[in-house]
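Please look over the sequence and the model before turning to the notes below.

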Amino acid sequence: MQTTKLRPLFQLISINKEVIRTVAVASTAVKTEALKPWNEIPGPPSLPIIGQIHHFLPGGTFGDMKDPDTIMRLLDTYGPAVRLDSMLGKPPLLFLSDPDSAELVLRSENWLPYRPGFQSLEFYRNDYKKDKGRVTGLISDHGEVWKEFRSTVNPVMLQPKTIKLYAKVLDEVAQDMIVRMKANRDEKNMITKDFDKEMNLWALESIGTVALGCRLNSFDPNLPADSPEWQLIQCVHDLFSTANELDFKPSIWRYYATPTFKQAMKLYEHHENLTKYFINKGKEQLKTKPDNEKGVLEKLLEINEEVAHIMASDMLFAGVDTAANTVTATLYLLAKNPDKQAKLREEVTSNVEKRSYLRACIKESLRLMPVVSGNARRTTKEYNILGYQVPKGVDVIFTHREMSVMDKYYPKAKEYIPERWLTNKDDPLHYGNAHPFAYGPFGFGARSCIGRRIAELEMDTFVARLIENFQVEWFGPPPTVVQEALNYIKGPYNFVFKDIK
Ligand code: HEM
């Protein structure tokens, strides 16, 4: 493990290696360490003509990408750097479980970071919808266009003091959700039917309220099954699942419009229409709304209308399943660790202003059961990674989900210990003793999650209300986690929500 103190030294060594290599190219007289070529990086074996594509067929290494252990098996078999060559127009991939190398690439690519993924969304917004304007949003834009968009929205979406202003309304949402959950429990105090969708509904109401500056009222018990709210929840879920097929696996959609591709274009269009409906609803309510805290939409409308619409739409895309699954993971881990749950309850009912243990509980669940598996950057130059030459144009995948549960990076890595985020430096469990680039639930640097502060406030507020109101228990085997573009916690949802007396 590399300690924080040693990191600058490591960087220097890496830089030196680069310098030495350059000298070696310039002059054969200097004896230097040569970099091994890209194609010597270990990886699943290739066959003539088809390369590595057969590994994606049923029974192959990636045959069941939904199995969340796939990447760990890959790393166990081939080591901390695993190569996959270019396939069907997709750039080559490098899976990395070495945090030093992750740090090197993430820091070096932090000026105009290119995060691959969601190419189908990019295609929809740039090509399929030709009437669209110059900007398409943070998820799908790159380069200077992305940077300009990001600079416009950063102050509205990331400043802690701006985000804090949503605390009151998010608490109202949380309390309303508790009322709904109490009403939805069966005689065994369980919510077995569509628990995942219930969590999505909470996340939609929360992010919708922040984005649009008004309540969506999606907790209405008479909300029809075909209401825009339920349609949006289903649409977001289907989109992540379809994008997974098109963008995270080899697919021929770039050459031929496959049925999945056609379905994706319909879904993106459906999402666009639904978000237009919500934005119009938000704008209508703005006219009569009392003068309380403005939503993101209203704040951005004062700056740039196009940016305001796209950002609101992306919030309703990226902010639903992410927050919902993180709350479910936290509830599960707290249910399985009743001592931690009791400690948390003590904190949330004590009215202390700073709820450090609550924050630590959620951080720890993002370490053990992250909703986003990892992160990625496309290289814009050549790198020396673990002695191998990694060319420009490679999609490097940082396997945070796997690194975060490796004992070499986190002591007692598989245990749920929120205290590790709070103890002092002398404690071996102290998070500072772990490599900071092993864990990265919200990504890194200039391109890190724009919704992070909002998501944290939403989740803190809701988890606090849940633990204040319910003794949460779980019985039976752990929930299954299915890896699509996100990690989804699937039923049966064996939660028991007992009232706190
Ligand atoms: C638990 C909740 C969430 C997690 C774990 C999460 C995680 C992430 C990660 C890992 C990235 C990639 C960052 C990078 O490339 O370095 C990201 C990007 C992004 N997230 Fe989140 N996210 C969450 C909630 C949200 C919410 C609530 C919103 C809505 C406001 C949101 C909107 C976005 C957007 C728009 C991007 C693209 C940012 C850019 O490329 O500039 N996320 N998120």
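Two strands pair if DSSP finds at least two bridges between them. Helices (H or I, at least four residues) and strands (E, at least two) are DSSP runs, numbered from the N terminus. In strand 6, V396 is the bridge partner of R377. The model is predicted: local features need pLDDT of at least 70, side-chain atom pairs count only at pLDDT 80 or more, and totals for chains, interfaces and linings use all residues. Residues are numbered from 1 along each chain as its sequence is written.

**The chain as a whole**

- The chain contains 17 helices and 10 strands.
- Of the 501 residues in the chain, 42% are buried; a residue is buried if 20 or more other C-beta atoms lie within 10 Å of its own, exposed if 12 or fewer, and partly exposed in between, with C-beta atoms placed from the backbone.
- Among the contacts in the chain with a separation of 6 or more, 71% are between residues 24 or more positions apart; two residues are in contact if their C-beta atoms, placed from the backbone, lie within 7 Å.
- The average pLDDT of the chain is 87, and 89% of the residues score at least 70; pLDDT is the predictor's confidence in each residue, from 0 to 100.
- Residues 1-32 have a pLDDT below 50, and this stretch has 23 contacts in the model beyond near neighbours in sequence.

**Strand 6 and its partners**

- Strand 6 (residues 395-398) is covered on both faces, with D395 and I397 buried on one side and V396 and F398 buried on the other.
- Strand 2 (residues 93-96) pairs with strand 6 in the parallel sense over four bridges.
- Within strand 6, I397 is the residue that stands opposite F95.
- Strand 3 (residues 375-378) runs antiparallel to strand 6 and is joined to it by four bridges.

**The surroundings of the ligand**

- The ligand is surrounded by 26 residues, and the closest are A318, G319, G443, C449 and G451; a residue is near a molecule or strand if its C-beta atom, placed from the backbone, lies within 6 Å of it.
- At least two residues of this shell come from each of helix 12 (305-318), helix 13 (321-336) and helix 17 (452-469).
- The shell is made up of 15 nonpolar, seven polar and four charged residues; Ala, Val, Leu, Ile, Met, Phe, Trp, Tyr, Cys and Pro count as nonpolar, Asp, Glu, Lys and Arg as charged, and the others, Gly among them, as polar.

**C449 and G451**

- C449 lies in the loop between helix 16 and helix 17, and G451 is placed in the loop between helix 16 and helix 17.
- C449 counts as buried because it has 22 C-beta neighbours inside 10 Å.
- Leaving aside neighbours within four places in sequence, C449 is in contact with F442 and G443.
- An unreviewed UniProt entry carries the annotation "binding site" at C449; UniProt positions are given in the numbering used here, feature names are shortened, and annotations may be inferred rather than shown by experiment.
- G451 has 23 C-beta neighbours inside 10 Å and therefore counts as buried.
- Not counting residues up to four places away in sequence, G451 touches M157, M315, A318 and G319.
- G451 and G319 are 132 residues apart along the chain, and their C-alpha atoms are separated by 7.2 Å.

**A323 in helix 13**

- A323 lies in helix 13 and counts as buried, with 25 C-beta neighbours inside 10 Å.
- Apart from neighbours within four places in sequence, A323 is in contact with A203, S206, A455, E458 and M459.
- A separation of 9.8 Å lies between the C-alpha atoms of A323 and I454, which are 131 residues apart along the chain.

**Backbone features in loops**

- N217 is not a glycine, although it has a positive phi of about 60°.
- N217 is found in the loop between helix 8 (195-212) and helix 9 (228-247), and it counts as exposed because it has 12 C-beta neighbours inside 10 Å.
- K412, a residue other than glycine, has a positive phi near 45°.
- The loop between helix 16 (400-403) and helix 17 holds K412, which is exposed, with 11 other C-beta atoms within 10 Å.
- G491 and P492 are joined by a cis peptide bond, with omega about 5°.
- P492 lies in the loop between strand 9 (487-490) and strand 10 (495-499).
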